[in-house]
Amino acid sequence: MAYPTDRKYTKEHEWIQVNGSSATVGITDYAQQSLGDIVFVEVPKVGAELTAGKTFGTVESVKAVSDLFAPASGTVTEVNAELATSPEKVNKDAHGSWMLKMTLKNPADVDGLLSASDYEKFVAEESGH
Amino acid sequence: MSSVEATPTGIPTKIRKTALNAVHRQMGAKMVDFNGWDMPVEYPAAIGCGIINEHMAVRTGVGVFDVSHMGDIRLAGPQALAAVQHISMNDASRLAIGQAQYSALLYPQGTFVDDVIVHRLGEEEYLLVINAGTREKDFGWVRDNTRQFDCAVENLSDDFTQIAIQGPKGVDVLQKLTDGDLSAVKFYWVTRGKLCGLNNILMGRTGYTAEDGFEIYIPSDEATSATIWNEILAAGKEFGAVPCGLGARNTLRLEGKLPLYGHEISDTINVWEAGLDRFCKMEKPEFVGREALEKAKAAGLTRTLVGLEMTERGIARDGFKVLDGSGREIGYVTSGSPAPFLKKNIALAYVPVEFGVVGTAVKVEVRGQGVGAVVVPTPFYKRPKKTA
């Protein structure tokens, strides 16, 4: 899979798409594949403070509960309400299913994250290919 | 993300494999360590699988499971019935040849060694099918507790590849591969017949999915196992058959309130607490655990197994605490998961008897928060009665 180059990636399999001092966050296709059928997405409310590298929510498959890690620090401005009723959208299109939008406290946080090609390599190693 | 789930395989040594292991891996199954066995938890979305699709296939059509990790103990001899009667809580004397029953092996304390399906295969021949994680423990238990009977006890667990063909179309699939008339085999009865050219194959109308279906026992060599597995899937294609893993196996049995050893039943839980009264024949004068059960019944139950349905957003998982309305811990979840067919989040839990009334509101502690749930009747799902 070729990962979209319009965003950055974390080793915890989140993606972050930056737009000036705001950003949109979701999980990657590799993440949804590993999880299997997603049945529950829990993200914080609008106004919540996120800290880069710390957990901010959970995504649950039928069998497992997985933590979501904030790719950057900032404040939640919008949450994708669709995922509360249709979490399976993340399986169908992980890169098109955003989980939250946020303002970035330190836009430079994102610089240290993985590019699409670095993430591809990382995933290849993880999955032993 | 981080994952809180079964340990990934890739752990060297000691992991056991069924004869179909290579087939599962070839099909791209996600593998998991289940009680020391390298088993498929689900198959890929690319071939129409995944836990939810697999679950729905069994409820609406047919799904095929490798359950070879389960164990098989054969008791044969002039006193085989007496031996079975001594260690099993149900009444095996009711079994005609070819008939099976659900039962359990109990400790003297009336708690569970394992649950089991007892099959009567012959005049003096019984087959106990037991759990994967308790193979050796059960065999030792059966052997040690039947020495006084004129009966041979054999561990046949490695001799069979066991495949479960489950769902309303299960019988139609198997019928394509065998000569005998399967419609004559009632639920919880077994037959022997020719299957894919193999003679005298044991086929039982049993399962762990709360659906109709069969479990077949074929030779455990890899070549035969792979051939039969593929023939079953090919025969099932017209009915939408898919391979199914342990993930769907768990969600299916949970909807049907079928117990899982180590969860609803264990060596610290007794028959009454687990609600398995109807499989325990106290009119039998003697069996291991009977005395303790009589005392426990007289003393009265303190806790009971109930079904819960989440009423607020959240999924109850194994081990989560159950709380009363004021947030006080009153019990725990034995098994909890989304229910793909029912489209609800359900759980089984032990709670004090007074909270066991249907309609009682409780909470389940999910990541530090009490999430609303209600006690509901069980089983959560019952398969529709076949018409005509």
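Mentor: Chain B is divided into domain 1 (21–68 + 159–255) and domain 2 (302–376). Those bounds come from an automatic or database domain assignment. Before we go on: this is a predicted model, where local features need pLDDT of at least 70, side-chain atom pairs count only at pLDDT 80 or more, and totals for chains, interfaces and linings use all residues. Residues are numbered from 1 along each chain as its sequence is written, while chains are lettered from A and ligands numbered from 1 in the order in which they are written.

Trainee: How far apart do the C-alpha centres of domain 1 and domain 2 of chain B lie?
Mentor: The C-alpha centres of these two chain B domains are 32 Å apart.

Trainee: And how many residues of domain 1 of chain B are in contact with domain 2?
Mentor: Eight residues of domain 1 of chain B contact seven residues of domain 2 of chain B. Contact means that the C-beta atoms, placed from the backbone, lie within 7 Å. H2 and H7 of chain B each supply at least two residues of the domain 1 side. Helices here are DSSP runs of H or I with at least four residues, strands are runs of E with at least two, and both are numbered from the N terminus. By class, that domain 1 side has three nonpolar, three polar and two charged residues. Ala, Val, Leu, Ile, Met, Phe, Trp, Tyr, Cys and Pro count as nonpolar, Asp, Glu, Lys and Arg as charged, and the others, Gly among them, as polar.

Trainee: At what angle do H2(B) and H7(B) pack?
Mentor: About 55 degrees, with the axes of H2(B) and H7(B) 8 Å apart. Axes are lines fitted to C-alpha atoms, for helices over the stretch in contact, and angles run from 0 to 180 degrees between N-to-C directions. H2(B) and H7(B) are therefore oblique to each other. The classes: under 35 degrees is roughly parallel, over 145 roughly antiparallel, 65 to 115 roughly perpendicular, and the rest oblique.

Trainee: Is the crossing of H2(B) and H7(B) left-handed or right-handed?
Mentor: Right-handed, for H2(B) passing H7(B). That term applies if the near helix is turned clockwise from the far one by less than a right angle, and left-handed if anticlockwise.

Trainee: Which residues of H2(B) meet H7(B)?
Mentor: From H2(B), they are B:Ile51, B:Glu54, B:His55 and B:Val58. They meet B:Gly247, B:Ala248, B:Thr251 and B:Leu252 in H7(B). By class, this contact has four nonpolar, three polar and one charged residues.

Trainee: Switching to sheets. What is the strand order in the open sheet of six strands?
Mentor: In chain B the order is S11-S12-S13-S10-S4-S14, with mixed pairing. Two strands pair if DSSP finds at least two bridges between them. At the edges are S11 (190–195) and S14 (242–244) of chain B, each pairing on one side only. Twist averages 30 degrees from one strand to the next.

Trainee: What packs on that sheet?
Mentor: H2(B) does, touching S4, S10 and S14 of chain B, and its direction makes about 110 degrees with that of S14(B). Helix H6 (222–236) of chain B lies across S4, S10, S13 and S14 of chain B, at about 10 degrees to S10(B).

Trainee: What about the five-stranded sheet, what is its order?
Mentor: S6-S7-S8-S5-S9 in chain B, an open sheet with antiparallel pairing. S6 (100–106) and S9 (152–155) of chain B are at the edges with a single partner strand each, so one side of each has no neighbour in the sheet.

Trainee: Which residues stand opposite B:Leu75?
Mentor: B:Tyr126 in S8(B), and B:Val153 in S9(B). S5 (71–76) and S8 (125–130) of chain B pair over six bridges, and S5(B) with S9(B) over four.

Trainee: Which helices lie across S5 of chain B?
Mentor: H3 (80–87) of chain B runs at about 130 degrees to S5(B). H4 (135–144) of chain B runs at about 15 degrees to S5(B).

Trainee: Last one. Where is the cis peptide bond?
Mentor: From B:Thr378 to B:Pro379, with omega near 5 degrees. B:Pro379 lies in the segment after S20 (369–376) of chain B. Also check B:Ala210, with a positive phi near 65 degrees. Most residues other than glycine have a negative phi, and most peptide bonds are trans.

Note on methods: Two residues are in contact if their C-beta atoms, placed from the backbone, lie within 7 Å.
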